[in-house]
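Visitor: Could you walk me through this structure and tell me what stands behind the words used for it?
Guide: Gladly; let us look at the sequence and the model together.
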Amino acid sequence: MIRLKDMSPDNPFQDPLRFERKMPECAVVIFGANGDLTKRKLMPALYRLALERRLAPGFAVLGISRTPMSNDQFRDKMRESVQRYQENSEFDATVWDSFAKSIFYMGGDVGDPACYTTLATCLAAIERERQTGGNVLFYLSTQPSQYAETALGIGSAGLAKGAGWRRLVVEKPFGHDLESAKKLSDDLHQVFHESEVYRIDHYLGKETVQNILAFRFGNGIFEPLWNRRYVNHVQITAAESIGVEGRGAYYQEAGALRDMIQNHLLQVMATIAMEPSATFQPGSVRDERAKLLRSIRVMKPAEVLCNSVSGQYGPARIGGQDLPGFREEKGVDPGSQTDTYAAATFFVENWRWAGVPFYVRSGKHLPKRVSEIAIEFNAAPHTVFDTDGSGASINILILRIQPEEGISLKFLSKRPGAGMMLRPVSMDFNYGSSFGERSPSAYETLLLDAIVGDATLYTRQDMVEASWAAVEPIQQVWAEHKFEFPNYPAGTWGPAASEEMLARRGHSWRKP
């Protein structure tokens, strides 16, 4: 996505018609560099950016974790990770050898003040060797409980200010409820200004989610229909075909509502439903997303069980293989009340969307891995043709986020032959086949944005608090209610109560 900037001396976009942004020199400091996120996402994304020559010559990566390692040992470990987890490209040993020279490592415990003294020394040495311009991007890939501690350590060592810019990237979750989210922001703001804090949501970095804005505001044929007069309801689905995959102990403390709906899907909903911004600048776009999130009607306790559904998968036999239920997974309490499936009906209280239900769902061990947004439009006011029974006279616009990014429009067309019998057909747009080139991964996009200082796709504090305000009443009622889990077998589309939630308004979930 091309984002136009205000023309200021500090802005890397001096020509708004340019497609490529000038990348500044910088050092990326990754706390928790020995974890899965660095190995699976961050380093493969940085390698790919190096492969495409999108990083400045004065670029460096400094990994920090408690495990003692030399620079060469860390480089070898990252090479193995990149070879294993990179997507859609061959590994180029020559490019890696050049890129590896920019990778450094230091052992340290983020809870130890000495770690930050050592960090200051390492950054000074890297600056001399790599000429990074004094610019530093701190990336928190640690346990969430260490976010505030690490930021305060950076501040105490005087590393939050320097010759260049300093920014902080924070991974989700941003708190576990509204109060803790506010506390985390307060702690971060002791060291970094809100404009320097980048709360990363990889869903917002996906091409289809970004393209929602271009689709809506770049095409005159869709925006006039984007309101309560023409839209019947909206469904947002994020389904995973796998279970917790050995992460039962972690997931038991999170759950689908907190892990997916609060963090990712409400941000997607805000992007779908936001008002057009006056200008396409980070502040303006994020202002409109924040307004939308604040417009979500907060459920009263009596409404929660009617407008939300909690689920947990049970054992099943699929393809000749016995799959355990969530409560049988390693590290999970046999009596766990954690939701592996969550669905909710949200309403937006503004003139554009009043009365239009937004159905949001996410779950583990569903029939397939798919994330999509389905916008169902109202039927024609008077039907004069017959249909073949394969579908009602419904128009649906589907924006596919994964696995194959694209857009599909469903409408009715005449069947060949005599008479006027109609049947549903689809027009499909696929990113890969239409552009003939690889789409960047979400982390490639978001890392570049953080380096150039473009916060359009990052979540602001007020947006985090607004999404927690919408989800917290559901959390509170669920915490006081004992569910009869498991309530859906692995490999199905969730509990029956989820279908009933939509059926009360005459709707049904799509089967992607």
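Visitor: Why is histidine 365 called buried?
Guide: This is a predicted model, and in it histidine 365 has a relative accessibility of 9%; since buried means under 20%, histidine 365 counts as buried. Its place is in the loop between β13 (357–363) and β14 (370–377), and its phi is near 55°, a positive value in a residue other than glycine.

Visitor: Is arginine 53 buried or exposed, and how do you know?
Guide: The relative accessible area of arginine 53 is 78%, and because exposed means over 50%, arginine 53 is called exposed.

Visitor: What is tyrosine 230 in contact with, leaving aside its neighbours within four places in sequence?
Guide: Tyrosine 230 is in contact with Pro224, Leu225, Phe377 and Asn378. As for asparagine 378, it is 148 residues from tyrosine 230 along the chain, yet the C-alpha atoms of these two residues are separated by 5.5 Å.

Visitor: Why is helix α13 said to be largely enclosed by the rest of the structure?
Guide: Helix α13 covers residues 442–452, and eleven of its eleven residues are buried, so the helix is largely enclosed. Among these buried residues are Tyr443, Glu444, Leu447 and Asp449. Just after α13 comes glycine 453, with a positive phi of about 85°.

Visitor: How do you know that both faces of strand β8 are covered?
Guide: In a regular strand the side chains alternate between the two faces of the sheet. In β8 (residues 308–311), Ser308 and Ser310 lie on one side while Val309 and Gly311 lie on the other, and all of them are buried. Four bridges join β8 to strand β12 (residues 341–347), and the two strands run antiparallel; serine 308 stands opposite alanine 344 in β12.

Visitor: What makes α10 and α14 roughly parallel?
Guide: The axes of helix α10 (residues 282–294) and helix α14 (residues 461–480) cross at roughly 20° and come within 9 Å; because angles under 35 degrees count as roughly parallel, this term applies to α10 and α14. The crossing in which α10 passes α14 is left-handed.

Visitor: Which residues of the two helices meet?
Guide: From α10 there are Arg286, Arg289, Ala290, Leu293 and Arg294, which meet Asp462, Met463 and Ala466 in α14. The residues of this contact of α10 with α14 divide into four nonpolar, no polar and four charged.

Visitor: Where are there cis peptide bonds?
Guide: Most peptide bonds are trans. A cis bond joins glutamine 402 and proline 403, with omega about 5°, and proline 403 lies in the loop between β16 (396–402) and β17 (406–414). The peptide bond from phenylalanine 485 to proline 486 is also cis, with omega near -5°, and proline 486 is found in the loop between α14 and β19 (488–489).

Terms used:
Residues numbered from 1 in each chain as written. Predicted model: local features only at pLDDT ≥ 70, side-chain atom pairs only at ≥ 80, totals over all residues. Heavy atoms only, no water. Buried < 20%, exposed > 50% of the residue type's maximum accessible area, 1.4 Å probe, protein only. Pairing = 2+ DSSP bridges. Contact = heavy atoms within 4.5 Å. Axes fitted to C-alpha atoms, helices over the stretch in contact; angles between N-to-C directions. Parallel < 35°, antiparallel > 145°, perpendicular 65-115°, else oblique. Left-handed = near helix turned anticlockwise from the far one by under 90°. Nonpolar A, V, L, I, M, F, W, Y, C, P; charged D, E, K, R; others polar.
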